[in-house]
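Please read the points below with the structure open beside you.

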Amino acid sequence: MRKLAVITLLHLFGSLSQAVESRPNLIFILVDDLGYGDLACQGATDMQTPHLDTFFQSGMTFENGYANCPVCSPTRASFLTGKYPDLAGVPGVIRTHPENSWGYLDPSAATLPQVLGEAGYDSACIGKWHLGLEAPSRPNDRGFDYFKGFLGDMMDDYYEHQRHGFDYMYENESRIDPEGHATDLFSDWASDYIRSRAGEQVPFFLYLAYNAPHTPIQPPEDWLEKVKARESGIEEGRAKLVALIEHMDAGIGRVMAALKESGQAEETLVVFTSDNGGQLNVAANNAPWNGGKQNMFEGGIRVATAAVWPGVVSSGSTSDSLAVTMDWFATFADAGGAQIPGGADGVSLLPVLNGSGVGPSRDRSLVWVRREGNAKYQGRAYYAIRKGDWKLLQNTPFEPMQLFNLKKDPGELSPVKNAPKKTGELWKELGLHLQRAGRVPWQK
């Protein structure tokens with residue numbers, strides 16, 4: 001009803017096409033566990049990713065792109081609410097078994113599809129959800145007009161689409177049982193949605209979230225054989241990951257082709273990023289950073305990020321602005337002419353994209369949190385905070401914080417000793433964040 005009211009008001013003040021012509025379609029492509037160095041355009045020498053290479057070359061690369069967390073659910077919550085994960089009620093991974101679930105998406109938080117819906121956008125979520133299995137935490141409950149994808153966390157099999165023996169594939173609120181590799185399904189469903197919007201006067205927002213290249217590392221066999229034949233001497237585990245990423249690259253290529261062939265590419269802002277860094281024990285490459293998924297070193301949270309918007313974002317451009325996942329909430333709302341809700345933690349990157357102004361200050365403070373329940377973490381949270389070139393972090397709740405200067409030591413190899421003033425400054429800011437987060441429940 002609200003969307004209809006917005007459209008009616010737009011008609012009162014002129015044609016709908018005139019009212020929305022300056023507002024782009026919006027596509028956010030979020031991949032799962034992609035290593036920072038696991039694209040050819042990011043330095044991988046054993047991989048061919050022509051479609052993403054072209055994507056990065058066609059727009060703006062964010063050299064300081066960050067995920068909001070070193071694991072899945074919290075980053076997704078930050079994108080959809082514009083808040084830090086613990087301020088959105090999701091400090092850890094939401095799972096299918098309540099006893100091992102460490103978050104609950106805050107029912108009172110305004111979501112991006114709701115905010116854009118108020119401005120007249122149609123919205124779709126295709127792919128992995130990972131923010132709740134029941135009302136009021138499903139995509140359609142949280143503002144999406146259309147959902148087709150996987151409600152759960154990881155798939156136990158890319159072809160069976162199950163988790164713990166249960167099928168979590170849904171179209172809106174109805175369970176479905178499609179055939180095919182999940183990456184192909186998500187690519188095809190996203191392409192279908194894009195084509196369905198051609199000629200529509202109302203702009204669209206598409207959130208396309210792949211499971212790939214998350215475990216299990218299960219590429220189609222023909223893609224694996226192609227990699228083995230091309231890369232002499234490549235180890236089996238690495239070959240599988242390379243093939244899974246190359247297969248995903250081809251799917252993203254089909255999505256971008258659908259956008260172009262439907263005549264909508266010139267009026268669409270597309271952002272690509274990952275929910276966290278690559279998983280080291282499945283041969284991911286996070287070079288040049290230290291660490292990987294699950295830890296607070298740069299390799300766990302620094303992610304390949306680029307934005308394409310023909311005629312607005314300069315091709316082949318780069319930005320050194322600190323761009324974290326929650327900033328894309330504010331950016332999309334800003335680009336779509338929607339009101340950014342009060343209390344949002346993200347900052348709009350639109351001035352960076354269109355060259356109208358400077359981006360967020362390099363001295364801005366950024367906080368990371370992850371809560372986990374296995375024997376290594378015992379249900380407790382651990383943190384990192386960055387301000388300017390300084391970063392204070394821990395990789396489990398039971399180890400001391402370490403201080404690094406990222407300008408002098410980007411690989412985070414040599415903790416700074418005897419810097420109590422800087423450590424105390426960062427501790428104080430982190431403490432204030434923890435007090436804010438303490439007001440938001442993370443269990444239903």
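1. A residue is called buried when its relative accessible area is under 20%, exposed when it is over 50%, and partly exposed in between, with a 1.4 Å probe and protein chains only. Helices (H or I, at least four residues) and strands (E, at least two) are DSSP runs, numbered from the N terminus. This is a predicted model, in which local features need pLDDT of at least 70 and side-chain atom pairs count only at pLDDT 80 or more, whereas totals for chains, interfaces and linings use all residues. Residues are numbered from 1 along each chain as its sequence is written, and side-chain values use heavy atoms, with hydrogens and water left out.

2. Helix α10, which covers residues 325-335, is largely enclosed by the rest of the structure, because 10 of its 11 residues are buried. Among these buried residues are Trp-328, Phe-329 and Phe-332, together with Asp-327 and Thr-331. After α10 comes Gly-337, whose phi is positive, near 70°.

3. Thr-273 belongs to strand β10, residues 268-274, and counts as buried because its relative accessibility is 2%. If neighbours within four places in sequence are left aside, its contacts (heavy atoms within 4.5 Å) are with Phe-28, Ile-29, Leu-30 and Val-31, and also with Val-303, Ala-304 and Thr-305.

4. How many disulfides does a search of the whole structure find? With a disulfide taken as a pair of cysteine sulfur atoms within 2.5 Å, the search finds 0. For Cys-72, the closest cysteine sulfur is that of Cys-69, and at 8.9 Å it is too far for a bond. Cys-72 is buried, at 3% relative accessibility, whereas Cys-41 is partly exposed, at 29%.

5. Grid points are joined across faces, edges and corners, and a volume is the space filled by probe spheres set on the points. The largest pocket holds about 390 Å³ of space. It is lined by 19 residues, of which Arg-95, Ser-101, Tyr-104, Glu-134 and Lys-444 are the closest to its centre.

6. The structure has 1 cavity of 30 Å³ or more, and the largest cavity contains about 40 Å³ of space. Its lining includes Arg-95, His-130 and Asp-153.

How values were computed
1 Å grid on protein atoms, 1.4 Å probe; cavity = no way out; pocket = protein on both sides within 12 Å on 5 of 7 lines; lining within 4 Å.
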